[in-house]
Amino acid sequence: MSAKRRALVLGGGGFAASAWEVGLIVGGAATGVDLRSYDMFLGTSSGARVALHLASGCDLDELFRQQLSPAPSAPASTPTVDWPKVGAEWARAKEIGGGRAAILQRVGALAVGIAGSGGADRRKAVAKQLPVQIWPEKALVIVAVNAETGERCGFDRNTGVELVDAVMATTAFWGWPPAFFDGYHYIDGGFYSSHNADLARGFDQVLILALRSPAASLWLVSLEEAVDSLRAAGAAVEVVHPDKDCCEAMASFGPMNPAVRAAAARAGRAQGLRLGERGLLPL
């Protein structure tokens with residue numbers, strides 16, 4: 001009987017998501033559940049950075065310590081985002097309809113329009129933050145959206161896209177300069193879905209780490225829809241959200257506030273310890 005193929009999905013959600021994910025993974029590892037042993041890592045937005053560290057076989061203790069240190073400052077060229085306008089335009093893009101690609105084309109035009117300049121500076125900053133500069137040997141998929149076509153793209157070491165460009169693309173949320181290569185702008189994969197878990201189709205076991213979605217989500221595909229799709233394809237799917245203690249620890253910060261990192265990481269580690277000790281983190 002062949003071994004089960006396992007995929008770990010790491011959802012986006014700013015500094016809150018990545019710090020919580022790191023904490024939970026570190027806490028689980030302390031109980032003997034090392035999620036670095038999974039066969040494939042699928043990351044969207046901030047979750048892609050965590051996925052890259054895991055696929056690269058990072059030192060988990062060092063990764064946790066990084067969450068407790070001050071976050072790198074944003075490039076000076078990053079513009080201030082008019083969030084009410086963004087919310088209104090996003091709602092309008094969905095109301096017009098025409099299918100997911102058509103909606104994402106409108107969103108892409110808006111995202112590129114408000115991003116401003118500074119793409120080269122941002123690429124340099126992203127490159128400095130990565131643990132490696134080339135794709136790791138272990139399977140890693142990083143998700144972005146083509147701003148011009150509205151197509152969702154899963155980049156890996158076989159697509160010919162440089163790792164730095166893939167990470168820059170998937171983290172190009174509102175206000176951040178998108179990645180530009182092959183004649184197109186690429187933006188955050190979270191515009192399609194905060195997790196893109198359906199791209200783990202074909203794996204026997206899928207573990208999804210994801211923040212709970214707010215009522216008014218700035219993406220198209222829900223987690224429930226993706227989970228149903230995976231299960232229909234025969235996968236055993238487990239979803240882990242931040243527990244009550246984690247939510248309380250992060251409540252006084254916004255997900256995009258770098259100051260949330262330490263609180264989210266510590267709370268995530270405590271949750272990971274609890275889940276690991278109870279045998280609730282699948283290996």
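A residue is called buried under 20% relative accessible area, exposed over 50% and partly exposed in between, with a 1.4 Å probe and protein chains only. By that rule Asp182 is exposed, with a relative accessible area of 64%. Welcome to a predicted model, in which local features need pLDDT of at least 70, side-chain atom pairs count only at pLDDT 80 or more, and totals for chains, interfaces and linings use all residues. Residues are numbered from 1 along each chain as its sequence is written, and side-chain values use heavy atoms, leaving out hydrogens and water.

**Overall picture**

- The protein chain holds ten helices and eight strands; these are DSSP runs numbered from the N terminus, with helices (H or I) of at least four residues and strands (E) of at least two.
- Along the principal axes, the C-alpha atoms fill a box of roughly 50 × 40 × 35 Å.
- Of the 283 residues in the protein chain, 50% are buried.
- Taking contacts (heavy atoms within 4.5 Å) between residues at least 6 apart in sequence, 78% join residues at least 24 apart.

**Helix H10**

- H10 covers residues 261-277, 17 residues in total, and spans 24 Å from its first C-alpha to its last, close to the expected 24 Å at 1.5 Å a residue; the expected span is 1.5 Å times one less than the number of residues.
- Its buried residues include Arg261, Gln271 and Leu275.
- The buried residues of H10 pack against helix H1 (14-29), helix H3 (60-68), strand E8 (236-240) and helix H9 (244-250).
- After H10 comes Gly279, with a positive phi near 70 degrees.

- Most residues other than glycine have a negative phi.
- Ser45 has a positive phi near 55 degrees, sits in the loop between strand E2 (40-44) and helix H2 (46-55), and is buried at 11% relative accessible area.
- Asp182 has a positive phi of about 55 degrees and lies in the loop between strand E5 (179-181) and strand E6 (184-188).

**Lys85**

- Lys85 belongs to helix H4 (residues 83-96) and counts as partly exposed, at 43% relative accessibility.
- Lys85 and Phe180 lie 95 residues apart in sequence and 25 Å apart in space, C-alpha to C-alpha.
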